[in-house]
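Dear colleague,

I am handing over to you the structure that follows, and I would be glad if you kept it open beside this message while reading. After it come my notes on what was found.

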Amino acid sequence: MNLSLCTISFRHHLISLEQVVKWAAPRGFSGIELWGVHARNLRDRSEHDVGWLRSHGLRVPMVSDYLPVQGERQAMIDKTVDLCTLAHSWGASKLRTFAGNKASHEVSSEERRDWTRRMHELCELAEDHGINLVVETHPATLADTRESTRRLIEEINHPALRINFDVLHLWEAGDDPFEVIREFEPLVAHMHLKNVRSRSLLHEFAPGNVYAPAGSRAGMVSLFEGAFDYRRFLTFVMTETSLWPSLDASLEWFGPNVLGTLERDAELLSLLEEETLGLQTLTTAAL
């Protein structure tokens, strides 16, 4: 697996990309998932580009933003083209977005038809730039449940469409991530990894709280300390799917002690990978 950190983790911190890169490179990270606003603000920093990043052994697998699926069409096109251009300049092959801003059960048939038509157009724009459009499984979108995500894939029906598999949010929806990843495996291009102390605190991951400097972080915990069993799930992905060798995944941390938490989670992920795949190799050899 190719592990990235997200620059959105540093949204309330006074830290430069240069500092993040120099910290990440020796700690097992292979990539930096760039938040769209950060990518735009780096546009004129010629000293920080894809060549500089690669010189540190890192890459940008994905630029993450929020593309409009309603409102003025030209504004949608302009924003998408700009982000695709930025992604291409960083060598990224993926542009992450959400499928609207309303829960699937609240969207009328007409709205859904309009939104999915727009998203098909977004896929066409991304494809023109050699980019895949990656839709995140997330509450209050058309990809908020397994069923609605399946329907969304069928409705958009475009080869540039991919899925950012946010494990916790699917679990939040009441779906079984073990079953869902098997179903969507061919389209899973990225995975977001985060955990929560208990189901009762999942509301802390709502955008309004995440982006608020004074928002609650009490429920945000290290990857292997929360209510969802990532040790079991990631072991399943390693051994029961074909995703692991080339899978891009990001530690999506929104809480305090960013560097300490990311370093510890990266270490534990590496140990789990060694333990699981090493054991699998020994078992295969014995047979």
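How far apart do the end C-alpha atoms of residues 22-257 lie, and what percentage of the span is helix and what percentage strand? The end C-alpha atoms of this span lie 17 Å apart, and the span is 39% helix and 16% strand, where helices (H or I, at least four residues) and strands (E, at least two) are DSSP runs numbered from the N terminus. For residues 22-257, an unreviewed UniProt entry gives the feature "domain: Xylose isomerase-like TIM barrel"; UniProt positions are given in the numbering used here, feature names are shortened, and annotations may be inferred rather than shown by experiment.

Please bear in mind that this is a predicted model, in which local features need pLDDT of at least 70 and side-chain atom pairs count only at pLDDT 80 or more, while totals for chains, interfaces and linings use all residues. Residues are numbered from 1 along each chain as its sequence is written, and side-chain values use heavy atoms, with hydrogens and water left out.

The barrel

Eight strands make up a closed barrel in the order E1-E2-E3-E4-E5-E6-E7-E10, with parallel pairing; two strands pair if DSSP finds at least two bridges between them. From one strand to the next, the twist averages 30°, with axes being lines fitted to C-alpha atoms (for helices over the stretch in contact) and angles running from 0 to 180 degrees between N-to-C directions.

Strand E10 (residues 248-251) pairs in the parallel sense with strand E7 (residues 188-193) over four bridges, and strand E1 (residues 2-6) also pairs with E10 in the parallel sense over four bridges.

Asp248 counts as buried because its relative accessibility is 8%. Leaving aside neighbours within four places in sequence, Asp248 is in contact (heavy atoms within 4.5 Å) with Asn2, Arg59, Pro61, Lys94, Ala189, His190 and Met191.

Aromatic rings

A search of the whole structure finds 10 aromatic pairs; rings of Phe, Tyr and Trp (its six-membered ring) pair if their centres lie within 6.5 Å, and planes under 30 degrees apart count as stacked, over 60 as edge-to-face and the rest as tilted. Trp35 and Tyr211 form a stacked pair, with 5.9 Å from centre to centre and 20° between the planes. This pair links distant parts of the chain, 176 residues apart, with Trp35 in strand E2 (residues 31-35) and Tyr211 in the loop between helix H9 (207-210) and strand E9 (220-221). Trp35 counts as buried at 16% relative accessibility, whereas Tyr211 counts as partly exposed at 32%.

Tyr66 and Phe98 form an edge-to-face pair, because their ring centres are 5.4 Å apart and their planes are at 65°. Tyr66 lies in the loop between strand E3 (62-64) and helix H4 (73-89) and Phe98 in the loop between strand E4 (94-97) and helix H5 (109-128), so the pair ties together parts that are 32 residues apart in sequence. Of these two, Tyr66 is partly exposed at 25% relative accessibility, and Phe98 is buried at 14%.

Ring pairs also link Phe165, Trp171, Phe178, Phe228, Tyr230, Phe233 and Phe236 into a cluster. Arg199 lies over the face of Trp171, at 3.8 Å from the ring centre, and the charged end of Lys194 sits over the ring of Phe205, 5.7 Å from its centre; a charge sits over a ring if NZ of Lys or CZ of Arg is within 6 Å of the ring centre and within 35 degrees of the ring normal.

Backbone angles

Most residues other than glycine have a negative phi. Ala140, which is not a glycine, has a positive phi of about 60°; Ala140 lies in the loop between strand E5 (132-136) and helix H6 (146-156) and is partly exposed, with a relative accessible area of 37%. Asn157, also not a glycine, has a positive phi of about 50°, is placed in the loop between H6 and strand E6 (161-166), and counts as exposed at 59% relative accessibility.

With kind regards

Note on methods
Buried < 20%, exposed > 50% of the residue type's maximum accessible area, 1.4 Å probe, protein only.
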